[in-house]
Amino acid sequence: MSHLWKGLPADSFYEVRAECTDVPKTKFKIKSGKTLSARKWRSAFSPEGCLDIGQTLGRIYRGGIHPTIRGEVWEFLLGCFDPKSTYEERKEIRLSRREEYVRLKELCTYMFPLIGSGKFITAPVIREDGTPTQDPIVLLEASPEKLMTPTIQATVGSDSAMSCSKEEDKKIIQWKLALHQIGLDVNRTDRTLVFYEKPENLGKLWDVLSVYAWFDKDVGYGQGMSDLCSPMIMLLEDEADAFWCFERLMRRLRGNFKCIGNAVGVESQLCNLANVIQVVDPKLHKHLEHIGGGDYLFAFRMLMVLFRREVSFGDSLYLWEIMWALEYDPDLYTLYEECDSDRPEDAKGKRKSSRQCGKYERNYLRSGAKNGEPLPISVFLVASVLKEKSIKLLTEAKGLDDVVKILNDTSGNLDVRKACSGAMKLHKKYLKKVKTEKPSS
């Protein structure tokens with residue numbers, strides 16, 4: 001039967017609305033023998049359900065994942081499940097997580113009853129001092145009697161408002177201040193897709209993001225998260241499964257959205273990008289510094305939403321799964337479970353060199369690098385795009401506007417496979433140069 005889907009375009013699985021004619025076409029094709037099929041995926045499991053993920057990582061890198069199994073494969077790539085777990089163990093974990101999500105959502109619904117209704121808001125419901133706005137748009141979007149005051153909201157799980165600390169009140173106010181921004185972003189996320197013509201799917205995206213903003217109060221909600229969450233809503237039918245898959249993705253990326261003073265976390269990745277370019281292409285780095293681009297802010301969007309705007313919807317999914325397959329660490333699930341009290345971006349421990357690791361991860365382990373965290377592959381992907389455009393940037397970019405214009409030409413035209421291959425080469429070159437430069441420094 002495999003010949004039936006040989007060379008099938010991925011767009012046939014993510015239908016675009018007929019009137020949206022200027023949407024980039026997906027270059028990724030489902031190819032028999034290259035793309036990870038349902039049959040190959042099933043064959044990687046033992047009778048008890050233990051997964052030999054090593055045999056699937058290479059195939060994902062070579063040909064991506066068939067859309068019919070994409071959601072369940074992503075759950076493993078993102079560390080939702082331990083590949084060594086059995087079918088029964090995963091069933092228990094899934095049920096437990098679904099129950100936890102129901103509890104979280106019920107709490108959020110108590111605080112703001114529009115959650116779970118299939119509707120969402122696009123105007124502020126509360127002021128910073130905690131008083132309701134009574135905005136006419138909000139009153140149209142939700143019945144006013146449901147817009148409870150922060151004091152009443154703070155009584156969740158208690159008989160008296162007095163039992164709730166002032167700090168908790170502030171957290172609820174902070175959370176409610178984000179709800180309309182989530183709604184505004186939901187309203188413009190992937191609206192070219194037929195899937196989001198259904199109001200219930202928009203409502204589901206708003207619910208998941210709103211619950212996450214309460215779940216991770218240190219980060220809350222940041223613009224760009226809707227782009228990262230949208231595919232989870234499409235690929236995983238159960239809302240709770242989509243939430244936990246998104247939560248695992250945010251374990252990798254939450255640092256980008258974390259605000260410390262006036263700085264956004266992604267600035268540290270931009271700093272890493274600057275260091276990488278300085279090592280692999282010093283001439284380009286010097287030129288970018290000369291024209292005022294030494295902070296690399298022009299790459300902000302690529303790192304924040306993982307190239308969602310540079311490629312079609314289908315190609316962005318293909319790019320993500322290649323990245324995750326290359327970076328895959330078989331201890332990811334254990335690491336996340338052990339570090340649940342502390343966020344994992346600061347807590348990655350020892351890693352085992354194993355054929356169960358992704359190629360990018362193996363290269364890092366073999367390099368013998370011991371200084372802190374390995375840089376995410378996304379940094380090298382951006383570096384690969386800049387390297388490919390380096391001649392144009394060196395000869396045509398006289399200022400930041402030119403840099404942005406040259407990079408914008410990439411939108412819709414980025415070759416995912418080529419960019420990943422370029423990222424791997426740059427990673428190797430970077431590790432080699434850093435290693436040889438270390439003794440003399």
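**Exercise 1. Which residues in α8 meet which residues in α9?**

This is a predicted model: local features need pLDDT of at least 70, side-chain atom pairs count only at pLDDT 80 or more, and totals for chains, interfaces and linings use all residues. Residues are numbered from 1 along each chain as its sequence is written, and side-chain values use heavy atoms, without hydrogens and water.

Solution.
- Locate the helices (DSSP runs of H or I, at least four residues, numbered from the N terminus). α8 covers residues 199-215 and α9 residues 225-235.
- List the contacts (heavy atoms within 4.5 Å). From α8 come Asn-201, Lys-204, Leu-205, Val-208, Leu-209 and Tyr-212; they meet Met-225, Ser-226, Cys-229, Ser-230 and Ile-233 of α9.
- Sort by class (Ala, Val, Leu, Ile, Met, Phe, Trp, Tyr, Cys and Pro nonpolar; Asp, Glu, Lys and Arg charged; the others, Gly among them, polar). The contact has seven nonpolar, three polar and one charged residues.

**Exercise 2. Describe the crossing of α8 and α9.**

Solution.
- Take the axes (lines fitted to C-alpha atoms over the stretch in contact; angles run from 0 to 180 degrees between N-to-C directions). They come within 10 Å and cross at roughly 120°.
- Classify the angle (under 35 degrees roughly parallel, over 145 roughly antiparallel, 65 to 115 roughly perpendicular, the rest oblique). α8 and α9 are therefore oblique to each other.

**Exercise 3. Which helices each supply at least two residues of the lining of the largest cavity?**

Solution.
- Define the cavity: on a 1 Å grid over the protein atoms alone, a set of points where a 1.4 Å probe fits but cannot get out; lining residues have an atom within 4 Å of a point.
- Read the lining: Glu-75, Cys-80, Phe-81, Arg-94, Arg-97, Arg-98, Ala-240, Asp-241 and Trp-244.
- Assign helices: α4 (87-111) and α10 (239-257).

Methods
A crossing is left-handed if the near helix is turned anticlockwise from the far one by less than a right angle, and right-handed if clockwise. On a 1 Å grid over the protein atoms alone, a cavity is a set of points where a 1.4 Å probe fits but cannot get out, and a pocket is an open set with protein on both sides within 12 Å along at least five of seven lines; lining residues have an atom within 4 Å of a point.
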